[in-house]
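Please look over the model below alongside these notes. They take the helices and the sheet, then the salt bridges and a surface patch.

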Amino acid sequence: CRLAREVIKEVDWPCEVKTLFREKNLGCKIAMSLGVDWFFENVEEGIILEDDMLPNQSFFIFCEAMLEKYRNDKRILMISGYNHIDNVKTTEASYYFSKYCHIWGWATWKRSWDQYDVSISDYPELKKKGFLNDIIKDKVVRKCWLDEFDVVYNNGKDVWDSQVIYMQFKHRQLCMGHLEPNNPTS
């Protein structure tokens, strides 16, 4: 923990550094969700870096440009530096939109995070209404997501990211992925 906290000593550019250090391990679900809550109590938009990735410079440039470009477009939930389609570029565009969010190095706005509910409290009601039926046409894939949300809702999994995907489906928003020849995050 001490070594992880010392990473802030490596910040060598002019900025204000704020920290949130916990005295005990809260688990992934609570620590991450409360950490991002805290982050957006201090800023209106920003970049969240996972602990197991190393971004390259293009990631920050991409996020900065897209945060500005889509700042007021509520159809966009988040911006991801991770390209889950194995860098297969099928378009001249530098990014794509997806109904699946990717959290390995991402950026978003407070307006998006304000929709987050770590307990996905309205899930049973939305499940009864078939909220995924027109979002995910493949019955097997849809069942996989419903099974995941069942486990999360019943507090059977120490995760925070499935709730982000739930939020994206619920609000019918999009994730933006970066189509860079070399993934900006690894």
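1. Helix α7 (residues 161–171) lies across β2, β3 and β5, where contact means heavy atoms within 4.5 Å. Its direction is at about 135° to β2. Axes are lines fitted to C-alpha atoms, for helices over the stretch in contact, and angles run from 0 to 180 degrees between N-to-C directions. Helices (H or I, at least four residues) and strands (E, at least two) are DSSP runs, numbered from the N terminus.

2. This is a predicted model, in which local features need pLDDT of at least 70 and side-chain atom pairs count only at pLDDT 80 or more, while totals for chains, interfaces and linings use all residues. Residues are numbered from 1 along each chain as its sequence is written, and side-chain values use heavy atoms, with hydrogens and water left out.

3. The sheet is open and has five strands in the order β1-β4-β2-β5-β3, with mixed pairing; two strands pair if DSSP finds at least two bridges between them. β1 (45–48) and β3 are the edge strands, each with a single partner, so one side of each has no neighbour in the sheet. From one strand to the next, the twist averages 25°.

4. How is strand β5 paired with strand β2, and over how many bridges? The two are parallel, with four bridges between β5 and β2 (residues 76–80); Ile-79 has Met-176 in β5 as its bridge partner. With strand β3 (residues 95–98), β5 runs antiparallel, also over four bridges, and Tyr-95 stands opposite His-178 of β5. Strand β5 itself (residues 174–178) is mostly covered, with four of its five residues buried. Buried means under 20% relative accessible area, exposed over 50%, and partly exposed in between (1.4 Å probe, protein chains only).

5. Helix α2 (residues 28–42) lies across β1 and β4, running at about 145° to β1.

6. The whole structure holds 10 salt bridges, a salt bridge being a side-chain nitrogen of Lys or Arg within 4 Å of a carboxyl oxygen of Asp or Glu. One of them joins Arg-71 and Glu-45, with the closest N and O atoms 2.8 Å apart. Arg-71 lies in the loop between α3 (57–69) and β2, and Glu-45 in strand β1, so the pair ties together parts that are 26 residues apart in sequence. Both ends are partly exposed: Arg-71 has a relative accessible area of 34%, and Glu-45 has 25%.

7. Glu-148 and Lys-157 form another salt bridge, at 2.7 Å between the closest N and O atoms. Here Glu-148 is buried at 16% relative accessible area, whereas Lys-157 is partly exposed at 34%. Asp-114 and Lys-110 also form a salt bridge, with the closest N and O atoms 3.0 Å apart; Lys-110 is partly exposed, at 23% relative accessibility.

8. Which residues form a nonpolar patch on the surface? They are Ile-8, Val-17 and Phe-21, with about 240 Å² of accessible area together. Patches are made of residues with over 30% relative accessible area and no salt bridge; like charges are joined within 9 Å, nonpolar side chains (Val, Leu, Ile, Met, Phe, Trp, Tyr) within 5 Å. Accessible areas come from the Shrake-Rupley method with a 1.4 Å probe, and for residues only the protein chains shown count as cover. Ile-8 sits in the loop between α1 (2–5) and α2 and is partly exposed, at 39% relative accessible area.
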